[in-house]
Amino acid sequence: MSAFFSDIAWICLAVPTVLCGTLFWKYKKSSGQLWSWMVCLAGLCAGCLLILSPFWGLILFSLSCFLMYTYLSGQEFLPVDQKAVLVTGGDCGLGHALCKYLDELGFTVFAGVLNENGPGAEELRRTCSPRLSVLQMDITKPVQIKDAYSKVAAILQDRGLWAVINNAGVLGFPADGELLPMTDYKQCMAVNFFGTVEVTKTFLPLLRKSKGRLVNVSSMGGGAAMAKIASYGSSKAAVTMFSSVMRIELSKWGIKVVSIQPGGFRTNIAGTSDKWEKLEKDILDHLPAEVQEDYGQDYILAQRNFLLLINSAASTDFSPVLRDIQHAISAKSPFAYYTPGKGAYLWLCLAYYLPIGIYDYLAKRHFRQDKPVPRALSMPNYKKKVT
């Protein structure tokens with residue numbers, strides 16, 4: 001009997017040894033992430049041998065090695081082979097950087113832009129390889145989307161489109177949801193959600209040919225409630241749910257659907273000072289007199305400070321998002337969700353798992369919702385008047 005258990009122990013020892021050797025040989029040129037996994041496995045093995053018997057410790061370690069091997073096999077990158085990808089919102093910001101990044105990696109890039117004669121489009125033509133094509137594509141205009149589809153299909157001919165990356169989006173003017181005019185809600189939904197849906201539906205026939213990837217850029221604000229972005233957050237929440245449903249439905253076609261939920265990155269999505277002034281004027285011009293009286297003009301004009309807070313806290317380094325999107329379109333088995341950016345994953349976890357009262361308290365403290373105070377709330381007898 002002891003000989004039997006001795007043989008089993010040797011087998012258990014041999015299996016992880018072979019697996020670790022295979023992992024090292026196969027992934028020795030991979031990034032440092034592999035070495036983190038190897039260190040974790042070594043720690044797990046030591047812990048198992050200390051806590052459990054050698055037999056069960058080696059069994060658990062063998063299983064861990066097998067699971068790690070299966071996981072890492074799915075993280076291998078497919079060859080680029082000039083795979084064709086479509087990126088919306090290529091004029092500036094993240095979309096602009098993404099077009100350049102994918103072009104450098106060897107992809108055939110179709111850059112959808114709001115203005116094909118604008119400076120962003122001209123820079124892409126000037127700095128990128130001949131593989132990149134600039135397409136006029138205002139995603140709120142179905143005619144332009146269909147025209148872009150025709151051009152892409154003509155260039156690719158019988159080839160499929162490997163990936164559609166729905167990146168184009170607008171933020172609107174951050175302010176209390178009651179203050180935002182309906183035009184702001186409609187614009188965010190028109191660009192961020194309906195535009196994403198329209199592009200997806202139009203280009204899906206080309207994705208089916210390649211069994212490729214649909215990547216929708218949502219936002220941390222689409223999963224974790226944050227004050228001042230009712231219109232933007234709602235539209236991005238719709239994008240996240242749309243991605244989840246399409247992930248299930250398109251799996252039968254071999255298409256993988258990914259949702260990118262970045263944290264704060266400093267792009268041009270917030271607009272310019274001139275645009276802020278116009279949006280402030282729109283708010284003041286369309287607010288009912290009673291609402292304007294309760295909030296007060298000083299409070300309304302102070303909303304601009306939230307934009308400054310966003311920009312000061314936002315990162316100018318897009319590389320975490322670029323790498324995640326590269327993984328989403330290149331890995332054999334991409335993840336369903338990516339949360340690049342400082343604090344993005346943490347805030348989404350807090351929103352999903354904390355009691356609502358605790359999350360609301362943390363969100364208000366973190367995003368400084370205690371100041372300024374609406375005019376009516378600053379009046380000593382306001383609560384008495386309400387009761």
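**Exercise 1. Thr339**

Between which strand and which helix is the loop that holds Thr339? Then decide whether Thr339 is buried, partly exposed or exposed, and list its contacts away from its sequence neighbours.

Solution. The model is a predicted one.

Step 1. Thr339 sits in the loop that joins strand S7 (337-338) to helix H14 (344-353).

Step 2. The relative accessible area of Thr339 is 23%. Buried would mean under 20% and exposed over 50%, so Thr339 counts as partly exposed.

Step 3. With neighbours within four places in sequence left aside, Thr339 is in contact with Gln261, Asp324, Ala344, Tyr345 and Leu348.

Step 4. Ser218 is 121 residues from Thr339 along the chain, yet the C-alpha atoms of the two are separated by 9.7 Å.

**Exercise 2. Glu280**

Find the helix that contains Glu280, and state whether Glu280 is buried or exposed.

Solution.

Step 1. Helix H9, residues 273-286, contains Glu280.

Step 2. The relative accessibility of Glu280 is 9%. Since the limit for buried is under 20%, Glu280 counts as buried.

Step 3. Beyond its neighbours within four places in sequence, Glu280 has contacts with Phe173, Leu301 and Arg304.

**Exercise 3. Helix H4 on its own**

Check the length of H4 against its number of residues, then work out why H4 is described as largely enclosed.

Solution.

Step 1. H4 has 13 residues, and at 1.5 Å a residue they should span 18 Å. The expected span is 1.5 Å times one less than the number of residues. The end C-alpha atoms of H4 are 19 Å apart, which agrees.

Step 2. Ten of the 13 residues of H4 are buried, so the rest of the structure largely encloses this helix. The buried residues are Gly93, Leu94, Gly95, His96, Ala97, Leu98, Cys99, Tyr101, Leu102 and Asp103.

Step 3. The cover over these buried residues includes strand S1 (84-87), strand S2 (108-113), H5, strand S4 (163-166) and helix H13 (319-330).

Step 4. After H4 comes Gly106, which has a positive phi, near 105°.

**Exercise 4. Two helix pairs**

Describe how H4 packs with H5 and how H7 packs with H8.

Solution. Two packed helices are described by the angle between their axes and the distance between the axes.

Step 1. Helix H4 (residues 93-105) and helix H5 (residues 119-127) have axes 11 Å apart, at an angle of about 10°. Angles under 35 degrees count as roughly parallel, and H4 and H5 are therefore roughly parallel to each other. H4 passes H5 in a right-handed crossing.

Step 2. On the H4 side the contact is made by His96, Cys99 and Lys100; on the H5 side it is made by Gly120, Glu123, Leu124 and Thr127. Sorted by class, this contact of H4 with H5 has two nonpolar, three polar and two charged residues.

Step 3. For helix H7 (residues 182-210) and helix H8 (residues 230-250), the angle is about 20° and the axes are 7 Å apart. H7 and H8 are therefore roughly parallel to each other. The crossing of H7 past H8 is right-handed.

Step 4. Residues in this contact include Asp184, Tyr185 and Cys188 of H7, and Ala230, Ser231 and Tyr232 of H8. By class, the contact of H7 with H8 has 13 nonpolar, six polar and two charged residues.

**Exercise 5. The whole chain**

State how many helices and strands the protein chain has, and what share of its residues is buried.

Solution.

Step 1. The protein chain has 16 helices and seven strands.

Step 2. Of its 387 residues, 45% are buried.

Notes: Residues are numbered from 1 along each chain as its sequence is written. This is a predicted model: local features need pLDDT of at least 70, side-chain atom pairs count only at pLDDT 80 or more; totals for chains, interfaces and linings use all residues. Side-chain values use heavy atoms; hydrogens and water are left out. Helices (H or I, at least four residues) and strands (E, at least two) are DSSP runs, numbered from the N terminus. Buried means under 20% relative accessible area, exposed over 50%, partly exposed in between (1.4 Å probe, protein chains only). Contact means heavy atoms within 4.5 Å. Axes are lines fitted to C-alpha atoms, for helices over the stretch in contact, and angles run from 0 to 180 degrees between N-to-C directions. Angles under 35 degrees count as roughly parallel, over 145 as roughly antiparallel, 65 to 115 as roughly perpendicular and the rest as oblique. A crossing is left-handed if the near helix is turned anticlockwise from the far one by less than a right angle, and right-handed if clockwise. Ala, Val, Leu, Ile, Met, Phe, Trp, Tyr, Cys and Pro count as nonpolar, Asp, Glu, Lys and Arg as charged, and the others, Gly among them, as polar.
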